Amino acid sequence: MTAEYTNWETEFVDAKFVDQRLKTRFFKIMDAFAATPDKSTWAAAGSRSSAKAAYRFFSNKDVSRDELLDSVSRATIEKMKHADAEWILAVQDTTSVGFGNRKAIKGMGHHCSAEQRGMLVHSCIAVTAQGIPLGLLYQEIHTRDVRRDDSATKDEKRSRPIEEKESCRWIHTMNETHQRVPKDIPVLTVCDREGDFYELFSEAADLGENFLIRIPETYTLKEAIYDLGILGGMKGAPSDGMPGARSIWQGLEVLCSLLTYRNYML
């Protein structure tokens with residue numbers, strides 16, 4: 001497989017390296033990955049010496065992951081400015097990356113099961129309404145220091161502060177998009193059903209951001225009434241039960257204010 005686009009300098013035009021040799025090595029690594037994206041680092045490098053050079057680059061303390069990502073983000077925004085598109089979609093999603101039981105890999109956390117080690121990569125990419133990808137806007141990585149606790153009930157999970165939940169990454173990413181993208185570029189944040197929670201809606205309203213959320217297909221009337229109660233001020237503690245008429249009515253008022261405040265695209 002050969003990549004049609006190999007001009008990586010335009011994607012990392014202002015990336016800062018403390019040594020020119022690091023920059024040269026970086027572009028060689030990127031060209032190798034583009035030519036064989038389905039291969040491991042060892043296989044893509046083409047030789048033993050090139051593979052070892054790539055691993056030395058990855059472990060070099062003078063190489064900043066954040067700097068490389070920010071450079072890509074700035075290049076993406078430049079393409080957004082010249083896209084001549086009515087809307088730019090800022091599509092968020094999370095990828096689970098598992099490394100099995102390889103405990104020697106540094107920086108890994110608990111993954112989908114008690115045995116697996118890995119990380120969660122949450123990305124936001126810019127795409128035109130016609131489906132043309134423009135590039136990466138923002139990306140962050142999360143690891144679980146402890147094994148995922150599946151013993152908590154749904155009500156107990158709902159009562160936890162949003163700052164303690166993994167779903168906070170959707171809010172953080174929306175904030176990063178809001179700060180990075182110029183105000184004159186129309187952006188629509190797109191999330192799957194993991195983004196279907198009140199705190200994200202509230203943050204979008206406060207920021208003046210447009211957003212589109214795909215709700216679960218199995219969303220029941222009972223769940224809708226419960227969520228209206230949360231909107232209306234119900235704490236959502238396990239002992240609360242279903243919301244009363246007052247909480248539901250206040251939730252409807254909040255929902256109506258959100259809908260009238262922003263225009264939603266379907």
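Predicted model: local features only at pLDDT ≥ 70, side-chain atom pairs only at ≥ 80, totals over all residues.
Let's start with helix H1 (20–35) and helix H3 (48–58), both of which will return when we reach the pocket. The axes of H1 and H3 come within 10 Å and cross at roughly 120°. Angles of 65 to 115 degrees count as roughly perpendicular and those over 145 as roughly antiparallel, so H1 and H3 are oblique to each other. Their crossing is left-handed. On the H1 side, Leu22, Arg25, Phe26, Ile29 and Phe33 meet Ala53, Ala54, Phe57 and Phe58 of H3. By class, this contact has eight nonpolar residues, no polar ones and one charged.

Now follow Phe33 and Phe58 into the second largest pocket, where they lie nearest the centre together with Arg65, Met119 and Gln139. The space in this pocket is about 1,500 Å³, and 34 residues line it. Besides H1 and H3, the elements giving two or more residues to the lining are helix H4 (65–81) and strands E1 (88–98), E3 (117–128) and E4 (133–142). The lining divides into 22 nonpolar, seven polar and five charged residues.

H6 brings Trp170, Ile171, Met174, Asn175 and His178 to the contact, while H7 brings Glu199, Leu200, Glu203, Ala204 and Leu207. Here the residues comprise six nonpolar, two polar and two charged.

Note on methods. Residues numbered from 1 in each chain as written. Heavy atoms only, no water. Contact = heavy atoms within 4.5 Å. Helix = DSSP H or I, 4+ residues; strand = E, 2+ residues; numbered from the N terminus. Nonpolar A, V, L, I, M, F, W, Y, C, P; charged D, E, K, R; others polar. 1 Å grid on protein atoms, 1.4 Å probe; cavity = no way out; pocket = protein on both sides within 12 Å on 5 of 7 lines; lining within 4 Å. Points joined across faces, edges and corners; volume = space filled by probe spheres on them. Axes fitted to C-alpha atoms, helices over the stretch in contact; angles between N-to-C directions. Parallel < 35°, antiparallel > 145°, perpendicular 65-115°, else oblique. Left-handed = near helix turned anticlockwise from the far one by under 90°.
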